[in-house]
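Let's take a walk through a protein model together. Have the sequence and the 3D view ready, and follow along as we go.

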Amino acid sequence: MSGEASSAEKRARLSGRLVAATHNSGKLREIRELMKPYGVNVVSAAELNLAEPEETGSTFRDNAALKAEAAARASGIVALADDSGLCVEALGGAPGIYSARWAGGGKDFGAAMARVERELEALAAPPPWRASFVSVLALAWPDGALETFEGRVDGALVFPPRGTAGFGYDPIFRPDGHDRTFGEMGPEEKHGIPADGSLALSHRARAFQKLSRERL
């Protein structure tokens with residue numbers, strides 16, 4: 001957890017209504033699934049007709065905070081934002097914070113995954129192609145309080161893409177210790193929170209575990 005604030009509202013556990021500061025249907029679905037056991041009513045920024053702020057930060061944390069703070073100010077209620085991406089070791093961490101931009105305005109992640117493969121081939125980088133998924137969740141309150149939580153999962157890339165579950169780069173990412181890609185895993189396996197408190201699998205679920213211990 002990072003960020004400091006002293007308001008009583010910030011210290012309280014989350015309940016009632018929460019804005020998911022995203023226009024990405026895949027992210028919204030995962031956030032709702034993660035929040036479901038806690039009875040928090042998640043409404044999206046798109047459903048509230050909130051504008052998408054320009055992501056001008058240089059880190060996942062910067063962009064997550066920027067989106068959460070904008071949604072909290074505009075809606076007047078607590079907002080949760082995620083900034084996440086695929087970081088490929090041989091590509092110097094790219095696409096990283098530009099993961100969504102590699103998919104273009106049409107959000108064509110098939111094209112984005114093909115670009116990753118082309119760039120690896122251009123470098124003649126031999127497999128295994130090590131990569132990680134990183135997610136930072138930012139909670140922002142209308143009074144300016146902010147907290148952030150980071151999760152990461154390491155793995156390797158596989159081509160051609162496998163599986164139609166999940167979204168984004170999931171079909172090319174095989175997490176360490178598993179034979180299947182995120183694209184071949186159902187939601188419970190990918191980001192379910194283990195009842196015994198052990199580490200969740202996906203990057204977003206790992207960040208959410210940290211958030212849940214503090215705020216749920």
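This is a predicted model: local features need pLDDT of at least 70, side-chain atom pairs count only at pLDDT 80 or more; totals for chains, interfaces and linings use all residues.

Residues are numbered from 1 along each chain as its sequence is written, and side-chain values use heavy atoms, with hydrogens and water left out.

Let's begin with the sheet. Helices (H or I, at least four residues) and strands (E, at least two) are DSSP runs, numbered from the N terminus. Six strands form an open sheet in the order 2-1-3-4-5-6, and their pairing is mixed. Here, two strands pair if DSSP finds at least two bridges between them. In general, strands of a sheet pair through backbone hydrogen bonds, either parallel or antiparallel. Which strands sit at the edges of this sheet? They are strand 2 (41-44) and strand 6 (173-175), each of which pairs on one side only. From one strand to the next, the twist averages 35 degrees.

Now zoom in on strand 1 (residues 17-20). It pairs with strand 3 (residues 79-88) in the parallel sense, over two bridges. V19 stands opposite A79 in strand 3.

Axes are lines fitted to C-alpha atoms, for helices over the stretch in contact, and angles run from 0 to 180 degrees between N-to-C directions. Contact means heavy atoms within 4.5 Å.

| Helix | Lies across | Angle |
|---|---|---|
| Helix 2 | strand 1, strand 2 and strand 3 | about 170 degrees to strand 2 |
| Helix 3 (residues 60-75) | strand 1, strand 3, strand 4 (129-140) and strand 5 (146-157) | about 160 degrees to strand 3 |

Helix 2 (residues 25-35) also packs with helix 6 (residues 203-215), at an angle of about 40 degrees and with the axes 11 Å apart. The two helices are therefore oblique to each other (under 35 degrees is roughly parallel, over 145 roughly antiparallel, 65 to 115 roughly perpendicular, and the rest oblique). Who makes the contact?

Next come the rings. The structure holds six aromatic pairs, meaning rings of Phe, Tyr and Trp (its six-membered ring) with centres within 6.5 Å; planes under 30 degrees apart are stacked, over 60 edge-to-face, and the rest tilted. One of them joins F109 and Y169: the centres are 5.3 Å apart and the planes at 80 degrees, so this pair is edge-to-face. F109 lies in helix 4 (residues 109-123) and Y169 in the loop between strand 5 and strand 6, so the pair ties together parts 60 residues apart in sequence.

Most residues other than glycine have a negative phi, and most peptide bonds are trans. The bond from P127 to P128 is cis, with omega near 5 degrees, and P128 is in the loop between helix 4 and strand 4. The bond from F159 to P160 is cis too, with omega near 0 degrees. N49, though not a glycine, has a positive phi of about 60 degrees, and sits in the loop between strand 2 and helix 3.
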